Amino acid sequence: MKKFFKILGGVLGVVVLAVVGFIVWVQARGIPTYDKPPTPTTAVAATPERLAMGRSLVLASCVDCHMNKQTNTLSGHQMLDVPQEFGKLYSANITQDKDHGIGNWTDGEVIALLRTGIGRDGRYRIIMPHFVHMSDEDVNSIVAFLRSDHQWVQADPTTTPAQEPSLLVKTLVNTVMKPTPMPAQPVVAPAPTDQLAYGRYLIVGRYQCYECHSKDFKTNNALEPEKSEGYLGGGNHLLNEQGRDIVSRNITGDPETGIGDWTAGQFQQAVKFGMSPNGPLSAPMPKYSTMSDEDAAAIYAYLQSIPKIKNATPEDKGAVAAK
Ligand code: HEC
Ligand code: HEC
């Protein structure tokens, strides 16, 4: 018996040492820095089409996180909709200010960050999504807009506070949250006439609906989105700015728990204006108000074509009425 306890003590000692060692390592590494990814060297040309598309994409995919309501510019704010256990995190100032924003970044450096998550200084950016499958044209449109004379991106001297990530976030960025590679080939969106392929592109490339609408951010597969657990079957737990738990919904074609029994018109109202047959939708579901009706129809057709998942989300249990 004595021997048993001695061995057990020894094993525990090793485990404790390993855990302590890991914590010390994670604390020392903090948010990791990586080699700079291959960075495009040509500046993005601003065409009227790109500026219009860029505004629409920034409104859909950046404003919720980067808008500073006091200054009406994209100079950032504290992220109140990340779990408290993550520490104190801030979205960055991405206006044209040279000292406090991204006025000194080259277009290529912005593109590299959007693709990989690695900043111009090599530091990995936390929480900031990576746009892995977005077409080069859409990425260029975003960059053209960030360089435009629109009010949202004018130089604003608001300083982004230093991030105060918790040990949990430091552990995540040293284990599961990793940079994604720069695309090796040009990324071209399918033609809108190829409706299903185009609908898929909108879901995984342009708007990344699958990130929120699959089971969990932690089991999403950035390189092969369809391999994300519970692909588009909902159930991912998100927070709103008041820190309330909001569960994403099943948007596969399952007639009972998904949107199989919806019409294309109902779907369009939900996605563009937040009016679902189940009642009004709340943040963090974005309102895609500038999305064209054709794009909404392509997304709807694609969603009806993918494998159906039976997964009841809160609105299926009448919870929506309580909101
Ligand atoms: C879910 C919230 C979220 C969304 C959506 C988001 N960002 Fe960010 N972004 C962040 C956070 C948080 C940081 C700061 C991360 C850090 O410093 O580690 C950041 C950092 C950045 C930076 C780096 C700035 C710097 O000085 O370090 C750029 C550029 C940027 N975002 C651009 C964009 C663009 C463009 C979009 C839309 C296409 C976008 N972001 C969408 C949260 C978000
Ligand atoms: C930032 C996370 C996020 C993104 C990105 C997102 N959604 Fe949502 N979506 C949600 C959440 C959370 C809800 C539930 C809102 C509520 O409870 O009020 C929701 C609800 C919905 C609903 C209502 C379903 C129902 O049964 O009532 C539809 C449809 C929908 N989203 C489609 C989409 C589409 C299409 C996209 C991409 C173009 C998208 N969402 C992108 C988080 C997101």
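Predicted model: local features only at pLDDT ≥ 70, side-chain atom pairs only at ≥ 80, totals over all residues.

User: Why is the site of the iron atom of ligand 2 called octahedral?

Analyst: Six donors count as octahedral if opposite ones are over 155 degrees apart and all others between 65 and 115. Here there are six donor atoms with angles of 88 to 179°, and the site comes out as octahedral.

User: Which residues coordinate that iron atom of ligand 2?

Analyst: His213 through NE2 and Met285 through SD, at 2.0 to 2.2 Å. His213 sits in helix α8 and Met285 in the loop between β6 and α10, so the pair ties together parts 72 residues apart in sequence.

User: What makes His213 buried or exposed?

Analyst: Buried means under 20% relative accessible area. His213 is at 13%, so it counts as buried.

User: And how do you know that Met285 is partly exposed?

Analyst: That label covers the range between the 20% and 50% cut-offs. Met285 has a relative accessible area of 25%, so partly exposed it is.

User: Is Thr313 buried or exposed, and why?

Analyst: Its relative accessible area is 2%, so Thr313 is buried. Thr313 lies in the segment after α10, and its contacts beyond four places in sequence include Gly233, Ser248, Arg249 and Thr257.

User: Where does "Cytochrome c" come from?

Analyst: From an unreviewed UniProt entry, whose domain annotation covers residues 49–150 and 194–307. In the model, residues 49–150 are 37% helix and 2% strand, while 194–307 are 35% helix and 9% strand.

How values were computed. Residues numbered from 1 in each chain as written. Chains lettered and ligands numbered in written order. Heavy atoms only, no water. Helix = DSSP H or I, 4+ residues; strand = E, 2+ residues; numbered from the N terminus. Buried < 20%, exposed > 50% of the residue type's maximum accessible area, 1.4 Å probe, protein only. Contact = heavy atoms within 4.5 Å. UniProt positions renumbered as here; feature names shortened; annotations may be inferred. Donors = N, O, S within 2.8 Å, 3.2 Å for Na, K, Ca; no water. Tetrahedral: all angles 85-135°; square planar, octahedral: opposite > 155°, others 65-115°.
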